[in-house]
Amino acid sequence: MSYSHQNMGSGSRSARGYEFGRTYVVRPKGKHQATIVWLHGLGDNGSSSSQLLESLPFPNIKWICPTAPSRPVSLLGGFPCTAWFDVGEISEDLHDDIEGLDASAAHIANLLSTEPTDVKVGIGGFSMGAAIALYSTTCYALGRYGTGQPYTINLRATVGLSGWLPGWRRLRSKIERSNEATRRAASIPIILAHGTSDDVVPYSFGEKSAHSLGMAGFRQVVFKPYEGLGHYTVPKEMEEVVHWLASRLGLDGSR
């Protein structure tokens, strides 16, 4: 099975003035039924994501693989690297960079905004990419970004590998204030996967993220532990994710 691989050119400027890097696209050779934006981890880029996704077995998913801006990262002592938002020590007291989260979520939404209306759209990612995917999903449920601006993309599925949920402490109260937010939260399927031996983003963060989403009203959350897996992905995990996507989105060839 073959895929065409397209570079969409240079990046765009965000509200904060950070320039997003190049976006890569893995186009389906079969009928285009779904588009998934896939988000890389800290210090990585869209090119490596697209190379990983080219090998996956479903011909009817289009993958969009953007590259985060290069910015100083507190976790690295201010050293600049590609990052969807600023992050300090990964701990229970993690401070959320709402401005950075919103800028990246808006960039991702813009990439999805031109997809055909009959194509189902979703977001997935690894590590920090999973965090921004989950944050985007909370924006979808709430109907707005953290700054209050409207979020208009109709997300149909979310994947988070080895990541965490930003803003988890305040999420439940925000969702419960709105019947529409409660409805949207209940409607979107989410799969989270995490290695039990992850020494970068602790396994407990994956568990807590799934629990927090469920408590906030996200009724279709699947959490999959991977025994002995560290902070990386393996072929079995990616294959299971794509089969889950195909099943939830009703794609041709799914079981």
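Q: How many cavities of 30 Å³ or more does a search of the whole structure find?
A: Keep in mind that this is a predicted model. Here a cavity is a set of points where a 1.4 Å probe fits but cannot get out. With that rule, the search of the whole structure turns up one.

Q: Which element gives the most to the lining of the largest cavity?
A: The lining includes Leu134, Trp164, Leu192, Ala193, His194 and Ser209. Elements that give two or more residues to it are β8 (155-161), β9 and α6. The top giver, with three residues, is β9.

Q: How many residues of the lining of the largest cavity are charged?
A: Sort the lining by type and you get six nonpolar and six polar residues. Gly counts as polar in this sorting, and Gly160, Gly163 and Gly206 are among the lining residues.

Q: Which element gives the largest share of the largest nonpolar core?
A: This core has 49 residues, and Phe85, Tyr151, Leu155, Ile175 and Phe218 have the most contacts inside it. Among the elements that give two or more residues to it are β3 (34-39), α2 (98-112) and α3 (128-142). The largest share, 10 residues, comes from α3.

Q: How many residues are in the second, separate core?
A: Ile191, Leu229, Val242 and Ala246 are included in this core. Its count of residues is 27.

Definitions and conventions. Residues numbered from 1 in each chain as written. Predicted model: local features only at pLDDT ≥ 70, side-chain atom pairs only at ≥ 80, totals over all residues. Heavy atoms only, no water. Core = buried A, V, L, I, M, F, W, Y, C linked by side-chain atoms within 4.5 Å. Buried < 20%, exposed > 50% of the residue type's maximum accessible area, 1.4 Å probe, protein only. Helix = DSSP H or I, 4+ residues; strand = E, 2+ residues; numbered from the N terminus. 1 Å grid on protein atoms, 1.4 Å probe; cavity = no way out; pocket = protein on both sides within 12 Å on 5 of 7 lines; lining within 4 Å. Points joined across faces, edges and corners; volume = space filled by probe spheres on them.
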